[in-house]
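Q: Could you take a close look at one part of this model for me, the place where the two chains meet? I'd also like some background on the chain behind it.

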Amino acid sequence: MTHLVTWKRLRVMDDLLSEFLTETSESIDVVDVELVTLEQDPTNKPILDNIFRLVHTIKGTCGFLGLPRLETVAHAGENVLGKFRDGELVVTPGSVTLILAALDRIKEILAGLEATQKEPEGDDSELISQLNVVASGGTIDAQAPVAEEVEDDIVLPEITQSSNMLPGQVSLEELEAAFAAAPGPDDEDNDENAAAEESAESEGEDILTRIGGVEPVKVIVHLFHNRILADASVKGLMAGINTRDSKDKMRNFLTAYLGGKPDSGPSVSAAFAGFISHGITEQQNETVCKLLTSVLEEVDLPPLEVDAVVESYRAISVDILAEARDASKNNSKKDKDAAGTAKKSGEGSVANQSIRVNVQVLEDLMTMVSELVLTRNQLMQLLRNSDDSEFSIPLQRLSQCTTELQEGVMKTRMQPVGNAWAKLPRIIRDLQLELDKKIDLQMLGADTELDRQVLEMIKDPLTHMVRNSADHGIEMPADRLAAGKKETGTVRLNAFHEGGHIIIEITDDGAGLPVEKLKAKALKNELATQEELDEMSDNQIQRFIFHAGFSTAEKVTAVSGRGVGMDVVRSNIEKIGGTVDLKSIEGKGTSFSIKIPLTLAIVSALIVECRKEKFAIPQISVLELVRASHDSEHKIEHINNTPVLRLRDRLLPLIRLDEILGMADAETDTDEAASKEDYIVISQVGTFTFGIVVDQVFDTEEIVVKPVAPILRDLQTFAGNTILGDGKVIMILDPNGIVSQIGDNMNDTTGFGMEEEETSKKTKDEKEAILLFGAGGNDCRAVPLSLVARLEEIDVTSIEKSDGKPVFQYRGRLMPLVTLDDSYQLKEEGRQPVLVFADGDKTMGIAVDEILDILEDEIDIELSSGIQGQVGTAVINGKATEIIDVAYYIEKAFGTLGTSSTSGHMGIRDQSHLLLIDDSKFFLNMIKPLLSAAGYKITAVDNASDALKLREKGEDFDLIISDIEMPDMDGFGFAEKVREGGIWQKTPMVALSSHQTPKDFARGREVGFDDYVVKLDRESLMSTIVEQIGKKQNAA
Amino acid sequence: MKNENRDFVTIRLSGQLCGIPILSVHDVLSEQRITVVPLAPSAVAGVLNLRGRIVTAINLRKRLGLDDSGEGDGKMSIVVEYEGEPYSLLIDSVGDVMSFPEEKVERNPVTLDERWQGVSEGIYRMEGELLVILDVEKLLNFGKNQATAA
């Protein structure tokens, strides 16, 4: 874990650094140009302001990134510029030169930074003191002559420069410097060997291998030198250069460069020192190229290779020319020295690999591409209608190009959300120091991409929220320990796509939002009356923090509470059409969830038809398509008018699109439904899977999501609208909205798919699909849908009696039929609805009157029941509902018939003792009788600490089954404790969880669980128990 | 002030002559293909594509509580903009552009239907006919009114 985090941090640093490098080198280039303009027009205020701003930005960023050397240089430069701006100093060539020198120094440092990721060593005190002298109004006579010369260089065109420059004018020091930078003769052999080895190793793709290795290079370099010296126009470039040394360096350089390892040889500046120091011109360079070509042809290289080598040289010569210009500009030896070492031959430096484009340009491009996509769609539509068109092939090509263009343009706009997080580790680090807290920042899904513009908009709110979490949320280490938490608090960021939205969660395991304090504050600020507050749920009260002027921190720290409250965060997020919500449990933590729609994006959508109207469903939320008709494998079945679908081994709740859109027509409904075939779009929202019944499914189309008009914005059902290929406007359905519409009881966070981990332990009873039915009396009864294997209607005449109990033949077997209580009478004629429960290869039916509904809700048992066969009473869909205890009925059915059991786990009656730990009473009640029925002795506790108390008492178990998500101590923590020592150290452990990601599995194994079972998967739970106990017995 | 005239595009709705200030009219459209938006407020007829822009169509008859089944309904529409969003008002027919002096505007008669009171700026007496000046802003903020009413 630790090294992973470190690595991530490094990478973040890298990104920041390269962004900084790109930005700064751009700024410096601008300043370079602007300064010269300023010098000519010293009174030009806008230019001066611009320069000042750019240098100021550079300084600021350096400070942020911790680059002291850069910062001091930039700062000194900025001082002088500041004086210019305030009119305290007159812009003179001398001072401009000095600032340019400072810029050059910055460039050097940047070059070093780019190469090594570190600020190169060096002393800037002289430069800085000069700058300070200028800033304080003094002059710098010593620098004046140099200044004059530099000025000339800038103003004069390059050609004149070099013609002014005579051969041999280069100073000896300079040459020495160049030589010093190159490897000496002693290194030569090694270099050559290394290069030869490299060329042998390489795959034969590089130019070096193609031209035949090191030997030909030697010959080429030798001839090349001879030619240069023979040509009058370029002869001067070699003046004063030791030909032998130059040949060696050039050879080594070329060997390395052509061998694809440019870094292993001498640098460009060393190999072509003569060219550079003599200020080679474009013209001369052309001549050199020609000479090189003729040399290459002379050594009988194939034309292809000749071209390749010349091309390589041209690539290098760009650097050479640039350096030559630099060299003639900076005749000062010191500058030259530093530049020579700092510059590297590496091609394609970061600074040149990205360019900045005005967002408006991208925006326009995007609009045009959107239009192009729509037009393409329209053309494709026309093409589909004509059978055999000569347009088909070019249109296909056009289509493909459009797709690629679209992807390209999209890419220019998309950025990983991690970019917005890049500064957070630093912020958290500083906060830790400042507040003396221990905070671990976790960032998940940093590569989730979202639109650049959206990213910019959420950057600040996100930073603010993370700061808030760290500042207000996480408690002081001592308080955390006192509260039984880990000393280090966690702030977790998690970003992911869901149903065409991006969800960003900010979760902390801190103190949570204090409801009482919020109440008091709401009263004080007159946001609500006492009566209103009494009515409100905790969650509603906690949401007050989104109101203006509502900081919960008792004192305003330097970190947060600077007048930017959550209300600003909320309004910023809502500005881009997003929503923000929170869940908080006092003492446990807070979780914010930001949901941002992809309103700007082009998405792929499935076009469906319902009642002659077309709608688009974002492809991202479509799992699969099922065609259902009466004669096909799949058909829609109805339970009291509630449509359901059997899909493989699941029973899926269905939603009729026409119904939820209010388009259903009662009269035609019944006749048509019987005859027509339906298409079912299986969608998923969070963990809830359901089917949307539509009349017709067309193809998928790339659509441009456009927001709907404000009057329609309240319609949750739609995510937006778009224009189709045929020019028609269609509405885009939002599966999240559809789901939240069908469940009246669902609160508004349904679509968020929030992981209910640390923050919401109290509301542990997660939402599940519940089957409501009536069976005798007026009471509504319920059972979790996941426990129901099938819904059947059986002909009452097929019900037989066996041993005085009703049974019926089902799929070739006898299935016992039980009633909820003995007074319940089976129907005497017609069809009897039956809930079929399966356990292993045994099935059992419960006779019911009617199936009422299937819905998603929390099962929160409010009254536990003394009646056998009932778990208790819960409020579901606003009505008191009895939850039946399936396990009881299974026992009841098989208690009488189960003796004939031949196989499966039901037969094991070795009274193995199991320890069951789960914080959900409901689950315990559900599973305990089931396991007892399977012949195990069960001890059940609802939290890990109670379990550990049992260990202290010395109770021994054959197997421990533990839930993972539990308050206080979770399953992982519990397993660690168990494995630490004590009598349970060797006891097999099985983890139970409703989450089943590979990560969880791995973590489970790591802490000592022997197996991992998904909750409610009874089949595998049973087999795992048998397996684990078997293992234990074998081992013993 | 005296001779300042205001120009109106005249429209006809269930026989009633109305005027919309010409400066707020962006487009006059003939019959368009309109996509129905289920669950939308009843006055929203749907959405339509106007040269790549999605325009919300408002059924003016329903908005003004007129009989919906009148002949010629929705044959024409006038595109106006409200808070940066384009809306198309479905009407029966479009007439001439007329110019009236500012001071000739009459206040709404107090007995006028409440819905009309809400959207009418005033009345012009023309020869033989009365013209109701429609206030685009008031016509289109009905979403908010409904919200407060509910």
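A: Here's the interface first, then chain A around it.

A quick note on bookkeeping: residues count from 1 along each chain as its sequence is written, while chains are lettered from A and ligands numbered from 1 in the order in which they are written. This is a predicted model, so to speak of local features a pLDDT of at least 70 is needed, side-chain atom pairs count only at pLDDT 80 or more, and totals for chains, interfaces and linings use all residues.

On to the meeting place. Chain A puts 19 residues in contact with 18 residues of chain B (contact means that the C-beta atoms, placed from the backbone, lie within 7 Å). On the chain A side, strand S17 (718-723) and strand S18 (729-733) each supply at least two residues, and S18(A) gives the most, with three. Strands here are DSSP runs of E, at least two residues, and helices are runs of H or I, at least four, numbered from the N terminus. By type, the chain A side that touches chain B splits into eleven nonpolar, four polar and four charged residues.

Chain A has 38 helices and 35 strands, and 39% of its 1036 residues are buried (20 or more other C-beta atoms within 10 Å of a residue's own; 12 or fewer is exposed, in between is partly exposed, with C-beta atoms placed from the backbone). Of the chain A contacts between residues at least 6 apart in sequence, 68% join residues at least 24 apart.

How confident is the predictor? The pLDDT, its per-residue confidence from 0 to 100, averages 72 in chain A, and 75% of the residues score at least 70. Over residues 554-563 of chain A the value is below 50, and this stretch has 15 contacts in the model beyond near neighbours in sequence. Residues 896-909 of chain A also stay under 50, with 21 contacts beyond four places in sequence.

Most residues other than glycine have a negative phi. A:Asp436, in the loop between helix H23 (424-435) and strand S2 (439-444), has a positive phi near 65°; it counts as exposed because it has 10 C-beta neighbours inside 10 Å. A:Lys612, in the loop between strand S8 (602-610) and strand S9 (613-618), has a positive phi of about 70°, and with 9 other C-beta atoms within 10 Å A:Lys612 is exposed.

How values were computed: Contact = placed C-beta atoms within 7 Å. Nonpolar A, V, L, I, M, F, W, Y, C, P; charged D, E, K, R; others polar. pLDDT = per-residue confidence, 0-100.
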